[in-house]
Amino acid sequence: MSISLCTLAPFGVKLPGLRLGCQTRSSLRAKGAAVTGGENVLEKTMKEVRYLDVLYDDGFGSVTLKEYFTTVRAMLRNDGGPPRWFCPVECGQPKVENAPLLLFLPGTDGVGMELILHHQSLGKVFEVRCLHIPVNDRTSFEGLLQFVEQCVKYEHSLKPNRPIYIVGDSFGGCLAISLTARNPEVDLVLVLVDPGISCAETSLQPILLPLLQIVPTILQLPIPYLAISGGNLTSAQPLVAELGHTIKWDTIMWRLKLQKLGASYASSRLHEVQAQILLLARDNLLPNRDVADRLKTMENCKVRYFRSFTDRLILDDNINLLTVIKRANMYRRCRKLDFVTDYLPPTLSEFKKTFDEDFKPYLRLLSPVMLSTLTNGRIVRGLVGVPEKGPILFVSYHSLLAIDLAPICEEFLREKRRVVRVMAHPVFYWENFASSSQELSFFTNISLYGGVPVSPFNMYRLLERNEFVLLFPGGIREALHRKGEEYKLFWPDEAEFVRMAASLGATVIPFGCVGEDDFLELFLDYNEQRSIPYLHNLIDSVNQNFSRIRDTVKGDDGNQVFHLPAVLPKVPGRLYYLFGKPIELKGMKNVLKDRKSANKVYIDIKSEVENTIAYLKKKREEDPYRSITQRALYQATWGVSAQVPTFDP
């Protein structure tokens, strides 16, 4: 990789210079492509349709740290001039309409290439620009702050309703916080990666600065420079040797002082920040915990911890920055997040990471069997019986602790390349609940793979867009049922989802899932927890944050109270799914006008769900591979990737 892979687009201090930099961005990209001998990027991307396919290739993982060090080496040669913005050519043209702007503010090294692992993935959904501070530049912290501020204000004046994302790494986090505190009127979203706002108290600077000041200025020592920028000294040894002839001693001193001043300024203005914040921190460093404790008290701040053994999170090839933003529900293209239109489909790398790595043991344990029903009533293995086009409304019983969700998401992506938009309980979007875990969790994957807060409005809009929508009418009342209530439906009396589906010409597919009783046994259910004072108060405290979803349902059937039942694991059996015969509601005007007709369809759908459950409970007794032992023996013979047989439908 060479310097031609990034195109420098300077912004002058004056507004006309800034305008010129913005206007020449496309031509600079094209020039960069020509230098590398590739096709003109601008012409190529203008021909492409601006939308993202399901399981598209986001390019994450195609660039390594080797390319980063090569690019840094090239950028530091003969590096002069004032601070400036550049648009990485590999980012390309955004593939979504009204893509938000993303500005990257680097660490103390100032190179600006730390996002190189993420350029391709971010470039598909953002307009990406990176700040470069030349190695010999002596712009003050206030000067850098004004430089970034000028760009932000100009972009905000062009598109006031478009959010501007600021990704601040280390020292860049100090700039981002300070910028936000000074511009509360601008819609900014901060992504802070190990921000250095407490570096003055926690780093080696109090020791280094006095010592470095007495060292002769003729010495050249690149190691402290890499240390303050967070570089990995082991993997960067070739770069260290070369930088010894590039980085002067006064540069090291200047950057250390700059970082200390930035940390002090940002820390003093932190209470003025009102913007959305996503803090990414390593959980094995005490300074990061201190910063997180200060930030997470803010109303709009989300904190995500990572187990990383690299010196810089942003250069960890196991962490996809775009995926983190999506999981936190923080990607939006206007002032308010729209769960329907702002949703980005999962990428190929996300799918492989989730289902082929992280959740592979879990899915192998479940060993799901997927069956569907053809139009002639024949039951076949796989999803052949499910129509290819929407709108489709899937309706079913919700298994205990929602263990039925992951296999559905995976199978529809593998076989149909379709995202199933699950109507989810608000608890999955309550930050205090989600942030209590690490980044990798069941709750964050709900959003990544199509989850939407349940509401009639959201469901209507999804069906209107011909989506595949999954509704559990019984909600968490079924997913968190009591002892002795296995496979019992707790559906409301109203048939509103039938009328809605009919008004949009949707197809309803009732289906059933069995197997929860082969995996989990209830040890302490809701009724028993309510009898324990501490748990009683805890349940009440958690649920006071949610408005009741089914107030119209009387009695215990409508008791949609969130709690976590205590369960005991059992010797694993197997999960079985049966998607029933599609029920087309297109043209059924009687359902729209006549409540009795709607109720009849509703009862038929509910009965079909119960029939599929009864069918699966009976047929699983014929499955010779229902036991995990038999499945393990089969895969030991035929390979772990072999599909385990089941009963004959």
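This is a predicted model: local features need pLDDT of at least 70, side-chain atom pairs count only at pLDDT 80 or more; totals for chains, interfaces and linings use all residues.
Local features need pLDDT of at least 70, side-chain atom pairs count only at pLDDT 80 or more, and totals for chains, interfaces and linings use all residues. Residues are numbered from 1 along each chain as its sequence is written, and side-chain values use heavy atoms, without hydrogens and water.

The largest nonpolar core has 45 residues, of which Phe 126 and Leu 280 touch the most other members. Such a core is a set of buried Ala, Val, Leu, Ile, Met, Phe, Trp, Tyr and Cys residues joined through side-chain atoms within 4.5 Å; buried means under 20% relative accessible area (1.4 Å probe, protein chains only). Elements giving two or more residues to this core include α4 (65-76), β3 and β7 (276-282), and α4 has the largest share, five residues. Helices (H or I, at least four residues) and strands (E, at least two) are DSSP runs, numbered from the N terminus. A second, separate core of 41 residues includes Ile 166 and Phe 171.

His 118 lies in the loop between β3 (101-105) and α5 (119-123). With a relative accessible area of 1%, His 118 is buried. Its contacts (heavy atoms within 4.5 Å) include Phe 60, Ile 314 and Leu 321, leaving aside residues up to four places away in sequence. A polar atom of the His 118 side chain is 3.3 Å from the backbone nitrogen of Leu 321.

Helices α22 (residues 496-503) and α26 (residues 595-619) pack with their axes 9 Å apart. The contact residues comprise six nonpolar, no polar and three charged, where Ala, Val, Leu, Ile, Met, Phe, Trp, Tyr, Cys and Pro count as nonpolar, Asp, Glu, Lys and Arg as charged, and the others, Gly among them, as polar.

Note on methods:
Buried means under 20% relative accessible area, exposed over 50%, partly exposed in between (1.4 Å probe, protein chains only). A polar contact is a pair of N or O atoms within 3.5 Å; within protein, one must be able to donate a hydrogen and the other to accept it, and residues adjacent in sequence count only if both atoms are side-chain atoms. Axes are lines fitted to C-alpha atoms, for helices over the stretch in contact, and angles run from 0 to 180 degrees between N-to-C directions.
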